[in-house]
Amino acid sequence: MTPLPPQPLSPLDGRYRAAVSDLGEQLSEAGLNRARVQVEVEWLVFLTDRSLFGSSPLSDEQKAALRAVVTDFGQEAIDALAREEAVTRHDVKAVEYYVRAQLSRLGLDSIAELTHFACTSEDVNNLSYALTVRAAVADTWLPRIRTLIDTLEQRALDYRDTPMLALTHGQPATPTTMGKELAVFVHRLRRVLARIDRVEYLGKFSGATGTFAAHQVADPGQDWPALSEEFVTGLGLVWNPLTTQIESHDWQAELYQAVNHAGRILHNLCTDVWTYISMGYFTQTPVKGATGSSTMPHKINPIRFENAEANLELAGALLESLAQTLVTSRLQRDLTDSTTQRNIGVAFGHSLLAIDNIQRGLAEINLNEAKLAADLDSNWEVLAEAIQTVVRAEVTAGRSQIKDPYALLKELTRGNRVDHAQLLAFVEGLDIGAAAKERLAALTPATYTGLASGLVDYLKTPPTA
Ligand SMILES: O=C(O)C[C@H](Nc1ncnc2c1ncn2[C@@H]1O[C@H](COP(=O)(O)O)[C@@H](O)[C@H]1O)C(=O)O
């Protein structure tokens, strides 16, 4: 057999590439390396701007040329870094040598020794991860999930008043509206997103064991913690003053747990929509040219929601593993985080792919109001709750002498199908006030939805977490 040409092992880089490729801008190895170069370059500018160790501030042109190494980072840089790393076998040292080579190219050899000055690799790595993860979340993941939530909100508003039989334990229960049920998901998701918006992206910059030892011995006259804080906050991150060699990654655990929580809510949405489709509550729009089943020509399968469900499970497993393992590092550091963090993009990729599939799935379903109405009309016994509650209120108000209204309704309805006529006759025979009797006689399963429609309007209230 002829060996295949080199193939991607991950489906994210294969069949699903188009849906997730935006994440590669930040969460690929090249994205990480570009951020590392950015941190090294900004540290050089920071040190020289303050004339530390007798250096002179760079001119505006020199700074622009140096920063262009970051903004022009492309295939040439990717290849050069790979060549460096093949020799150093140390990814961050390779970045340092690459930056030194750029300094040489720009005639800035005089400041070469300030490259990676007093830094440990993690000083560069942790800031790079904070910058890239923050950008991926802000520029790609959040906008896509927000668009999905907005689509869902529109559906909730469209179906605000459409009555639907509820199923608790899978059994007919007090009716609701389809809009209210979808609004529950919108509300839940927005609460989690509010938490994600508040995540702090922390950065440390304090040397090999977080003590500023190298900085202090090189120039004891500087306030190194203050300079470190200025540098980290200058990158738009939150300064972490107290760490071992590594940033402790607690912010990452917080973020990944929240992203996973949002994913679990989406997973619940998928299984519910799948079930509604199976019950005929949503019909699926046939896509021209598409095939449902390879052997059963009549079928349209809910594959978008099934794909999303599976991808949310994969994303969840990875996010959970990241959140669990990143917060442990033996003594002042071990290198396990280096390996696991390389999969942050994979975790977000599966999550983004799920979001994409749900978005597409929602565009392909329509509410079957006739089916919802028919199911309501076949389950008049769900009014048993209404009747027993009204009778209890009437007894309390002294307008009825009925003993144990619950037992009365239980005898009539438990395990029994009761139709409209039977229920009406039962209500007519009740010893209760005239107004209550009239209210109950007018009730149908489709109108026994309480305040469900109006509750959808709570979506206009900003969520608090
Ligand atoms: O500043 C330092 O480097 C200090 C050093 N700790 C390290 N900190 C960060 N990176 C290090 C460290 N050690 C190795 N490496 C390099 O990490 C890379 C690991 O590769 P992979 O397993 O693929 O994730 C791979 O490129 C490794 O070479 C220490 O001795 O404490």
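What covers the buried residues of α17? Among what covers them are α16 (384-396) and α18 (420-428). That is the subject of the second view below; the notes here go for every view. This is a predicted model, where local features need pLDDT of at least 70 and side-chain atom pairs count only at pLDDT 80 or more, while totals for chains, interfaces and linings use all residues. Residues are numbered from 1 along each chain as its sequence is written, and side-chain values use heavy atoms, with hydrogens and water left out.

**View 1. Arg34 sits in helix α3 (residues 29-49).** Helices here are DSSP runs (H or I, at least four residues; strands are E, at least two), numbered from the N terminus. Arg34 is partly exposed, with a relative accessible area of 21%; buried means under 20%, exposed over 50%, and partly exposed in between (1.4 Å probe, protein chains only). Setting aside neighbours within four places in sequence, Arg34 is in contact (heavy atoms within 4.5 Å) with Glu25, Gln26, Val70 and Phe73. Ile78 lies 44 residues away along the chain, yet its C-alpha atom is 8.7 Å from that of Arg34.

**View 2. Helix α17 (residues 405-413) has Pro405, Leu409 and Thr413 buried.** They cover an arc of only 50° around the axis, so they end up on the same side of α17; the arc is that of the directions from the helix axis to the C-beta atoms. An α-helix has 3.6 residues a turn, so residues three or four places apart point the same way. Just after α17, Gly415 takes a positive phi of about 75°.
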